[in-house]
Amino acid sequence: MQNIRFFNNMRSTTRHFAVIGLGRFGRATSETLRKMGYQVLGTDIDESLVAQALDDKIVDNAIQLDSTKPNALRAAGIFEVDTVIVAIGKYVEESIITTLNVKEAGGTFVAAKASSEIHGKLLKRVGADLVVFPEYDAGCELAYRITKPAILERFDLDPESSIVEIRVPEEFSGKTIEELQLRNRYGLNVLAIGDAKRFKINPEPQERLCKNSCMVVIGSNRDIQRLPI
Ligand code: ATP
């Protein structure tokens, strides 16, 4: 699940990332950043995980260190990267100290993983710029996926409203946007219609929807739930 605040907080010029903690979450983050063409430095206190990350080529470089030690972070060049991802979930104390160390050293953007609400609050208190709750988000997404399989993508604008890409519902097929009166009946606005290959942005009211295509709508989550999907 994505959140617009993430993009607001993220600096567009960011190129160098450091991932502290090479567990499942840290590895997935490193691998994805690297595939996107960014430079990734991975670190973990566990030497075998550092070696594994290098073997699997999910990082550009990896260093074994204890991130609760500011000097170790400095020596590894962590304070010079644009963004640090603190991917330590279970060890709350280590996660908090690590975040504090990086924030105290300067203006580096820190994104941190929280394993509970209180962990999230503490991370914010010590200066984390972005706190994510992967288990919570994955649980919410699963609930949407199994109850609303027609929702293909979801972008949360805030806790109450979203932009969603959905399969055109059976009963909308063959009708125009005007005929469906989505704004009056559902309080939703259609941003785009199309198929997997191409989307038409801001479609005309006379545009006809067909069964195997998709539509992108914006509105409150409550209104989106009312769609016949
Ligand atoms: P996963 O990402 O697999 O879900 P998790 O969120 O439960 O794991 P942890 O197991 O708490 O996260 O930690 C992730 C990684 O962080 C582990 O590989 C661990 O070795 C590493 N780690 C823990 N403490 C430190 C530390 N002080 N310095 C560097 N790395 C650490």
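I began with the contacts of the protein (heavy atoms within 4.5 Å), and among those between residues at least 6 apart in sequence, 58% join residues at least 24 apart. I noted that this is a predicted model, in which local features need pLDDT of at least 70 and side-chain atom pairs count only at pLDDT 80 or more, while totals for chains, interfaces and linings use all residues. Residues are numbered from 1 along each chain as its sequence is written, and side-chain values use heavy atoms, with hydrogens and water left out.

**Overall figures**

I looked up the secondary structure and found 10 helices and 12 strands, both taken as DSSP runs numbered from the N terminus (helices are H or I with at least four residues, strands are E with at least two). The C-alpha trace spans about 65 × 35 × 30 Å along its principal axes. Of the 229 residues in the protein, 41% are buried, where buried means under 20% relative accessible area, exposed over 50% and partly exposed in between (1.4 Å probe, protein chains only). I counted 30 positive and 31 negative side chains, with the centres of the two sets 4 Å apart; Lys and Arg count as positive and Asp and Glu as negative, while His and the chain ends are not counted, and the place of a charge is NZ of Lys, CZ of Arg, CG of Asp or CD of Glu.

**Nonpolar cores**

I then turned to the nonpolar cores, each a set of buried Ala, Val, Leu, Ile, Met, Phe, Trp, Tyr and Cys residues joined through side-chain atoms within 4.5 Å. The largest has 21 residues, and those with the most contacts inside it are Leu 73, Ile 78, Val 84 and Leu 123. Two or more residues of this core come from each of strand E2 (16–20), strand E5 (83–86), helix H5 (92–105) and strand E6 (109–113). A second, separate core of 17 residues includes Val 164, Leu 182, Ile 193 and Met 215. I followed Val 84 in particular and, not counting residues up to four places away in sequence, found that Val 84 touches Ala 18, Ile 20, Ile 78, Val 102, Thr 108, Phe 109, Val 110 and Ala 111.

**Aromatic pairs**

I found two aromatic pairs in the structure, where rings of Phe, Tyr and Trp (its six-membered ring) pair if their centres lie within 6.5 Å, with planes under 30 degrees apart stacked, over 60 edge-to-face and the rest tilted. Because Phe 17 lies in strand E2 and Tyr 38 in the loop between helix H2 (24–35) and strand E3 (39–44), the pair ties together parts that are 21 residues apart in sequence. Phe 17 is buried, at a relative accessible area of 4%.

**Single residues**

I placed Thr 176 in the loop between strand E9 (161–167) and helix H8 (177–180), and at 5% relative accessibility Thr 176 counts as buried. Beyond residues up to four places away in sequence, Thr 176 touches Pro 205, Gln 206, Glu 207 and Arg 208. Ala 72, in helix H4 (residues 70–75), is partly exposed with a relative accessible area of 24%. Leaving aside neighbours within four places in sequence, I found Ala 72 in contact with Leu 65 and Asp 66.
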